[in-house]
Amino acid sequence: MSSSLEQFTSLLFRVVNGLGLLNLFLLLLIKAKLLLGSYKLHSLQSKFLFLHPCQVDDGVVLPDEASLYLTAIEDAEYKDDKIEFWNNVYGFDMSCIKKQAMMEPLVDTVDQKQIVTNCHLLKTMDISKMVLGDASFTAPFKLIAERDDYIHAFVAYFDVSFTKCHKLMGFSTGPRSRATHWKQTVLYLEDVLTICEGETIIGSMTVAPNKKNPRDVDIMVKYSLSGRRCVVSRVQFYKMR
């Protein structure tokens, strides 16, 4: 066994035995990044990371279940300050930059008071059985307004579960839960939607790794609203870097 692999193995066991479940979870996140990326690893290290425990009958991946959710928020102040700003920069029209700013999702903490609609479950994934193709999917959604308000963005977040533990455990990265360093992912809309309580936004979200760089994520959102004060139907594209 090479010295580098011995060092890696030693570090792994110190992490698992000494620092507990949280660090094991972070190690698995690194594994996922490596699997989706273009890194070249020593063949023995690759087998150590990618074949265990996924291809062992009694192996366990933790967390083993993840769910992706979508909701909608009012966020006029930030959108005006950071995106609409490009329409007039000290008298200059720089709206070409605005288009690029709109395409990049914002990772930030959302105040739960900004939430306007219900939270819709897009997809639940069994992490222990996932293969590379499972990272691409299209999921429909239906968001129902819980009050009269404006909508400036969709917000995506995930929950994870540790169902293989002796006691069911898990946590949420949603805006109604305790903040985590994953925060939430905000996708700003070209339109400002005026929505009334009970009205519905219907649409779909398509997610896939970028063909040129699989570590980037291409997102397409189709949405429509046919309400008393607003009628709109649009397709928007985003790129998560």
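Figure 1. In strand 7, Leu-193 is the bridge partner of Ile-151. The model is predicted: local features require pLDDT of at least 70 and side-chain atom pairs count only at pLDDT 80 or more, whereas totals for chains, interfaces and linings use all residues. Residues are numbered from 1 along each chain as its sequence is written, and side-chain values use heavy atoms, with hydrogens and water left out. Strands (E, at least two residues) and helices (H or I, at least four) are DSSP runs numbered from the N terminus, and two strands pair if DSSP finds at least two bridges between them. Strand 5 and strand 7 run antiparallel and are joined by seven bridges. With strand 1, strand 5 pairs in the antiparallel sense over nine bridges; Phe-158 in strand 5 is the bridge partner of Leu-68. Four bridges join strand 5 to strand 6 (residues 169-172), again in an antiparallel arrangement, and Ser-161 stands opposite Gly-170. A hairpin of six residues links strand 5 to strand 6. Because 10 of the 14 residues of strand 5 are buried, this strand is largely enclosed by the rest of the structure. Here buried means under 20% relative accessible area, exposed over 50%, and partly exposed in between (1.4 Å probe, protein chains only).

**Figure 2. The largest nonpolar core.** A nonpolar core is a set of buried Ala, Val, Leu, Ile, Met, Phe, Trp, Tyr and Cys residues joined through side-chain atoms within 4.5 Å. The largest one has 28 residues, of which Phe-141, Phe-154, Leu-193, Ile-201 and Tyr-223 touch the most other members. Among the strands that each supply at least two residues of this core are strand 1 (65-73), strand 5 (149-162) and strand 8 (200-209). Apart from this core lies another, of nine residues, including Ile-73, Ile-83, Met-102 and Tyr-188.

Figure 3. Contact means heavy atoms within 4.5 Å. With neighbours within four places in sequence left aside, the contacts of Phe-154 include Leu-70, Phe-141, Leu-187, Ile-201 and Tyr-223. Ser-204 lies in strand 8 and counts as buried because its relative accessibility is 16%.

**Figure 4. Salt bridges.** A salt bridge is a side-chain nitrogen of Lys or Arg within 4 Å of a carboxyl oxygen of Asp or Glu. The structure holds 10 of these salt bridges. Arg-147 and Asp-149 meet at 2.8 Å, N to O; Arg-147 is partly exposed at 29% relative accessibility, while Asp-149 is buried at 17%. The side chains of Asp-216 and Lys-239 meet at 4.0 Å, N to O. Asp-216 lies in the loop between strand 8 and strand 9 and Lys-239 in strand 10, so this pair ties together parts that are 23 residues apart in sequence.

**Figure 5. A nonpolar patch on the surface.** Met-103, Val-235 and Phe-237 form this patch, with about 260 Å² of accessible area together. Patches are made of residues with over 30% relative accessible area and no salt bridge, like charges being joined within 9 Å and nonpolar side chains (Val, Leu, Ile, Met, Phe, Trp, Tyr) within 5 Å. Accessible areas come from the Shrake-Rupley method with a 1.4 Å probe, and for residues only the protein chains shown count as cover. Met-103 lies in helix 5 (residues 95-103) and counts as partly exposed because its relative accessibility is 32%.
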